[in-house]
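Subject: Handing over a structure

Hello,

I am passing this structure on to you, and I hope you enjoy looking through it. Could you open it first and then read my notes alongside?

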Amino acid sequence: MAKSATKQTKRPKHVPLRSCVSCHETKPKRELLRVVRTPDGHVFVDATGKKSGRGAYLCAKLSCWEHAIKKKRLEQEFELTISEEDRAGLDAFIATLPKDDPIPPPEKMAKSSAGRKKTVEG
Ligand SMILES: [Zn+2]
């Protein structure tokens with residue numbers, strides 16, 4: 001009897017998590033957009049997620065990007081000043097983002113704005 005060496009370990013799939021540099025929500029990496037700083041100091045949106053360089057992650061929503069740009073979150077993250085050229089590239093990308101959440105989380109919808117539990121700042 002030849003037993004094959006297939007192991008069937010029931011292990012939950014490892015989902016890599018990253019947090020948005022803008023709202024700091026932790027989400028599966030796949031749901032976030034990656035911005036990369038290349039070794040030569042350029043900053044751009046890395047659609048493939050595979051570019052080498054230092055990465056920062058943002059939600060795929062306009063508010064997070066606008067916040068990140070306004071508050072210089074990316075510049076803080078990358079410890080550099082984003083050049084006008086690269087900034088223009090980011091702006092062009094941001095312009096393609098949906099203005100609102102594509103899928104609004106139901107829990108947030110149910111709760112009234114009167115009872116805010118957490119104060120999230122920054
Ligand atoms: Zn976010």
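Predicted model: local features only at pLDDT ≥ 70, side-chain atom pairs only at ≥ 80, totals over all residues.

Residues are numbered from 1 along each chain as its sequence is written, and side-chain values use heavy atoms, with hydrogens and water left out.

First, the overall layout. The protein has four helices and five strands; these are DSSP runs numbered from the N terminus, with at least four residues of H or I for a helix and at least two of E for a strand. Their order from the N terminus is β-β-β-β-β-α-α-α-α. Of the 122 residues, 26% are buried (buried means under 20% relative accessible area, exposed over 50%, and partly exposed in between, with a 1.4 Å probe and protein chains only). If you take contacts (heavy atoms within 4.5 Å) between residues at least 6 apart in sequence, 49% of them join residues at least 24 apart.

Next, the metal site. The zinc ion has as its protein donors the SG atoms of Cys20, Cys23, Cys59 and Cys64, at 2.2 to 2.3 Å. Donors here are N, O and S atoms within 2.8 Å of the metal (3.2 Å for Na, K and Ca), and because water is not among the atoms, sites may look incomplete. The angles between the four donor atoms run from 103 to 117 degrees, so the arrangement is tetrahedral (four donors count as such if all angles lie between 85 and 135 degrees). For comparison, the ideal angle for four tetrahedral donors is 109.5 degrees.

Along the sequence, the donor residues follow the spacing C-x2-C-x35-C-x4-C. Cys20 sits in the loop between strand S1 (17-19) and strand S2 (26-28), and Cys59 in strand S5 (residues 54-59), so this pair ties together parts 39 residues apart in sequence. Cys20 is buried at a relative accessible area of 0%, and Cys59 is buried at 1%. A search of the whole structure gave zero disulfides, meaning pairs of cysteine sulfur atoms within 2.5 Å.

In the loop between S1 and S2 you will also find His24. Its phi is near 65 degrees, a positive value in a residue other than glycine, and His24 is partly exposed at 47% relative accessibility.

Beyond its neighbours within four places in sequence, Leu58 is in contact with residues including Cys20, Cys64, Val35 and Trp65.

Which residues of H3 are buried? They are Asp86, Leu90 and Ile94. Seen down the helix axis, these fall within an arc of 85 degrees, so they line one face of H3 (the arc is that of the directions from the axis to the C-beta atoms). Their cover includes S3, S4, H1 and H2, whereas Glu84 and Glu85 on the other side of H3 are exposed.

Happy exploring!

Notes:
Tetrahedral: all angles 85-135°; square planar, octahedral: opposite > 155°, others 65-115°.
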